[in-house]
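Thanks for asking me to look this one over. Here are my notes, in the order in which I would read them with the model open.

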Amino acid sequence: MMHFLLAFAFMSRPFHPVGLAISWLLVVMVIGFAVISYAGDKVEIVVNTIRDGVGKSVTSGLLGHLAILPGAVGVIILLGATIIGILLIPLGLVAYMIVVAGVAMFGFIAVALLTGAALTGGKQRDNTPRGAMLRAFVIGTCAYLGLWIVAAVFSWMPLIGALLRSFAAGATFVAVTAGFGAVLRSYWRGDFARRSAM
Amino acid sequence: MRDDLTPDEFAPIEQAMKRLPYFDPSPGFPDKVMARVTRFQAVAAPGYIQPVPRVRMPELVPQRDEVVHYMRRPLPVRVVATALLASAAVTMSLIALMAVFRPDLVMLVVSTFGDQALGFLTILGNQTATTVLGDTGVGYVRTAGSLAGIATMATFAAGALGTAAVLSAASRRAA
């Protein structure tokens, strides 16, 4: 029995990266649906910011990436100024990382939406704008995470698998960086506050 | 009256002012004058249309989204922001004072935590690279000068540039 389980575990091991990639796809889908449903106008703002200039968004995203660690140090210093704050440093760091991850995910959703909208070619298949957004998001997400699924399928081939994974990593890096920068730029320009005031 | 006049300079002016005739109007003089002045008033005439009070034009009303940044934040937000800024200011001031008066202590702290921070950053970078590229890809990249390492980095760059090009094209299409 034990041998059978070990053999099964060994055989199922090659499918582990594929399962992981598909799991990520599902997680991003669920988060994206929720974000588009509850904050579709905010996503639209970020998409417009990316349209305003991809280079600006990527540059802002790179600067934002560089500022993540100093920001964490800043959180520690700010919380360390008081006795109660010192006790809250671990919680503050966790909250900070959640915020950073949330901003990155929000930006990636906007990038996936923009990419999906371009891939669909502006075909009017949906009755509502929100439906068109969801369709574009699904297509864009499948395009980006499909790279990871393909890389995972070929992960058993030493060189090809590594190259495919590297390609997917480069594509995802730029997508996340552009989205991250676009969110930061939108916030910096006050687009979110302007929309909420209207 | 000028204040810089000397008494000698002011004396002829005083004499001239005393020679002026006294003016003493009779009690009904203002009414007689005003009776000959025509005053125009809004009197409701036959067929007269009462003007509608003019509303403020939209361009004269401040747009809320233009001034939203200058609006006062709620009190708790202001308290928290002030506390954070004050904490940061006090901490940075203490660090600056320590750097001036106790440079040996600052060097000790930097030497103690600097190495740890560098080690942490190194571990973090390795973990991230292994997670993203996998053990095989990281092994290729670490083998300096190998063809597989160069190919791995080239495919990373190709993926990045390709995505940037796709996003640029999507932006142009959407615009």
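This is a predicted model: local features need pLDDT of at least 70, side-chain atom pairs count only at pLDDT 80 or more; totals for chains, interfaces and linings use all residues.

1. Let us start with chain A. Of its 198 residues, 34% count as buried. Among the contacts in chain A with a separation of 6 or more, 74% join residues 24 or more positions apart.

2. Chain B has six helices and zero strands, in the order α-α-α-α-α-α from the N terminus. Here 7% of the 175 residues count as buried. One helix to look at is α1(B), residues 7-19: its 13 residues reach 18 Å from the first C-alpha to the last, close to the 18 Å expected at 1.5 Å a residue. The number of buried residues in α1(B) is zero, so this helix lies largely in the open.

3. How many residues does each chain bring to the contact between them? Chain A gives 34 residues and chain B gives 36 residues. On the side of chain A that touches chain B, at least two residues each come from α2 (16-52), α3 (54-66), α4 (68-80), α6 (89-120), α8 (158-189) and α9 (191-197). The largest share of that side, 16 residues, belongs to α8(A). By class, the side of chain A that touches chain B holds 25 nonpolar, six polar and three charged residues.

4. Now for the packing of α2(A) on α8(A). The axes of these two helices are 9 Å apart and cross at an angle of about 105°, and α2(A) and α8(A) are therefore roughly perpendicular to each other. From α2(A), the contact uses Ile45(A), Val46(A), Thr49(A) and Ile50(A); from α8(A), it uses Ala178(A), Gly179(A), Ala182(A), Val183(A), Arg185(A) and Ser186(A). Sorted by class, these are six nonpolar, three polar and one charged residues.

5. α2(A) also packs on α6(A), at an angle of about 75° and with the axes 8 Å apart. This pair, too, is therefore roughly perpendicular. α2(A) contributes Ile31(A), Gly32(A), Val35(A), Val43(A), Val46(A), Val47(A) and Ile50(A), while α6(A) contributes Met105(A), Phe106(A), Gly107(A), Ile109(A), Ala110(A), Val111(A), Leu113(A) and Leu114(A). This contact has 13 nonpolar, two polar and no charged residues.

6. Which residues of the largest nonpolar core touch the most other members? Of its 50 residues, they are Val46(A), Ile50(A), Ala110(A), Val111(A), Leu113(A), Leu114(A) and Ala178(A). The core takes at least two residues from each of α2, α3, α6, α7 (129-153) and α8 of chain A, and from each of α5 (103-142) and α6 (147-174) of chain B. Its largest share, 14 residues, comes from α8(A). As general background, nonpolar side chains tend to be buried together in soluble globular proteins.

7. Leaving aside neighbours within four places in sequence, Ile50(A) is in contact with Ser57(A), Ala110(A), Val111(A), Leu114(A), Ala178(A) and Ala182(A), and, across in chain B, with Leu167(B) and Ser171(B). Ile50(A) takes part in the contact of α2(A) with α8(A) and in that of α2(A) with α6(A).

Note on methods:
Residues are numbered from 1 along each chain as its sequence is written. Chains are lettered from A and ligands numbered from 1 in the order in which they are written. Two residues are in contact if their C-beta atoms, placed from the backbone, lie within 7 Å. Helices (H or I, at least four residues) and strands (E, at least two) are DSSP runs, numbered from the N terminus. Ala, Val, Leu, Ile, Met, Phe, Trp, Tyr, Cys and Pro count as nonpolar, Asp, Glu, Lys and Arg as charged, and the others, Gly among them, as polar. Axes are lines fitted to C-alpha atoms, for helices over the stretch in contact, and angles run from 0 to 180 degrees between N-to-C directions. Angles under 35 degrees count as roughly parallel, over 145 as roughly antiparallel, 65 to 115 as roughly perpendicular and the rest as oblique. A residue is buried if 20 or more other C-beta atoms lie within 10 Å of its own, exposed if 12 or fewer, and partly exposed in between; C-beta atoms are placed from the backbone. A nonpolar core is a set of buried Ala, Val, Leu, Ile, Met, Phe, Trp, Tyr and Cys residues joined through C-beta atoms within 7 Å. The expected span of a helix is 1.5 Å times one less than its number of residues.
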